[in-house]
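Dear colleague,

I am handing over a structure that will be new to you, and I would be glad if you could read the notes below with the model open beside them.

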Amino acid sequence: MDCEIVILAENIDVCRYFYRETLGLGEPVQDSAFQVIFPLNAHTRLVLEKCPLAYMEHASSACRFTLVADDLEKFVSRLETEGVVLSDGFDRSGRKILCAVDPEGNVFQITGKC
């Protein structure tokens, strides 16, 4: 089964840079003024879709996604260098989960490999 994580973005240019450079997702496979698609693995894509609707409330969204870093300490260090503020974290099934927000307030989580 394939999976797409779709994030609505008011300023797609700022979000494109954040996900490509700050989070290190690399070059998107599709890149336009309305949609940017990053492959996460063979079956999962992260999609940024332009949506300028004024009623979007990012921080209170009921949905979160979790990125699994190969080297959590190195990834966290890089994010902190870029000015990304991370939560103190919590434990989920024996894994430390850290939370952060993208430039538009969309919450995402980070953990390390088991």
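Which residues do ring pairs link into a cluster? The cluster that ring pairs form is made of Phe18, Tyr19, Phe65 and Phe108, where rings of Phe, Tyr and Trp (its six-membered ring) pair if their centres lie within 6.5 Å, and a pair counts as stacked with planes under 30 degrees apart, as edge-to-face over 60 and as tilted for the rest.

Before going further, please keep in mind that this is a predicted model, in which local features need pLDDT of at least 70 and side-chain atom pairs count only at pLDDT 80 or more, while totals for chains, interfaces and linings use all residues. Residues are numbered from 1 along each chain as its sequence is written, and side-chain values use heavy atoms, with hydrogens and water left out.

**The aromatic pairs**

The structure holds 3 aromatic pairs. In one of them, phenylalanine 65 and phenylalanine 108 have ring centres 6.0 Å apart and planes at 20°, so this pair is stacked. The two partners come from distant parts of the chain, 43 residues apart, with phenylalanine 65 in the loop between β4 and β5 and phenylalanine 108 in strand β8; helices (H or I, at least four residues) and strands (E, at least two) are DSSP runs, numbered from the N terminus. Both phenylalanine 65 and phenylalanine 108 are buried, a word that stands for under 20% relative accessible area, with exposed for over 50% and partly exposed in between (1.4 Å probe, protein chains only).

**The sheet that holds β8**

Strand β8 belongs to an open sheet of 4 strands in the order β5-β8-β7-β6, with mixed pairing; two strands are taken to pair if DSSP finds at least two bridges between them. The edge strands of this sheet are β5 and β6 (90-92), each of which pairs on one side only, and the twist averages 40° from one strand to the next.

β5 (residues 66-69) runs parallel to β8 (residues 107-112), with 4 bridges between them, and threonine 66 stands opposite glutamine 109. On the other pairing, β7 and β8 run antiparallel and are joined by 4 bridges, with cysteine 99 opposite glutamine 109. β7 and β8 form a hairpin with 5 residues between them, and glycine 105 in the turn has a positive phi of about 90°. β6 and β7 are likewise antiparallel, joined by 3 bridges, and arginine 92 has arginine 95 in β7 as its bridge partner.

How many of the residues of β8 are buried? The count is 6 of 6, and both faces are covered, with Val107, Gln109 and Thr111 on one side and Phe108, Ile110 and Gly112 on the other.

**Helix α2**

In helix α2 (residues 72-81) the buried residues are Phe75, Val76 and Leu79. Seen down the axis of α2, these residues fall within an arc of 100° (taken from the directions from the helix axis to the C-beta atoms), so they line one face of the helix. Glu73, Lys74 and Thr81, on the other side of α2, are exposed. The buried residues of α2 pack against α1, β5, β7 (95-101) and β8, contact being heavy atoms within 4.5 Å.

**The other sheet**

Another open sheet has 4 strands in the order β1-β4-β3-β2, again with mixed pairing, and its edge strands are β1 (3-9) and β2 (30-31). Helix α1 (residues 12-22) packs on this sheet, touching β1, β2, β3 and β4 (44-50), and its direction makes about 155° with that of β4; axes are lines fitted to C-alpha atoms, for helices over the stretch in contact, and angles run from 0 to 180 degrees between N-to-C directions. β2 pairs with β3 (residues 35-41) in the antiparallel sense over 2 bridges, and glutamine 30 stands opposite isoleucine 37.

**The cysteines**

A search of the whole structure finds 0 disulfides, a disulfide being a pair of cysteine sulfur atoms within 2.5 Å. The sulfur of cysteine 51 has its closest cysteine sulfur in cysteine 15, 12 Å away, which is too far for a bond. Cysteine 63 is in no disulfide either, and the nearest cysteine sulfur, that of cysteine 3, is 9.2 Å away. Cysteine 51 counts as buried at 13% relative accessibility, whereas cysteine 63 counts as exposed at 56%.

With kind regards
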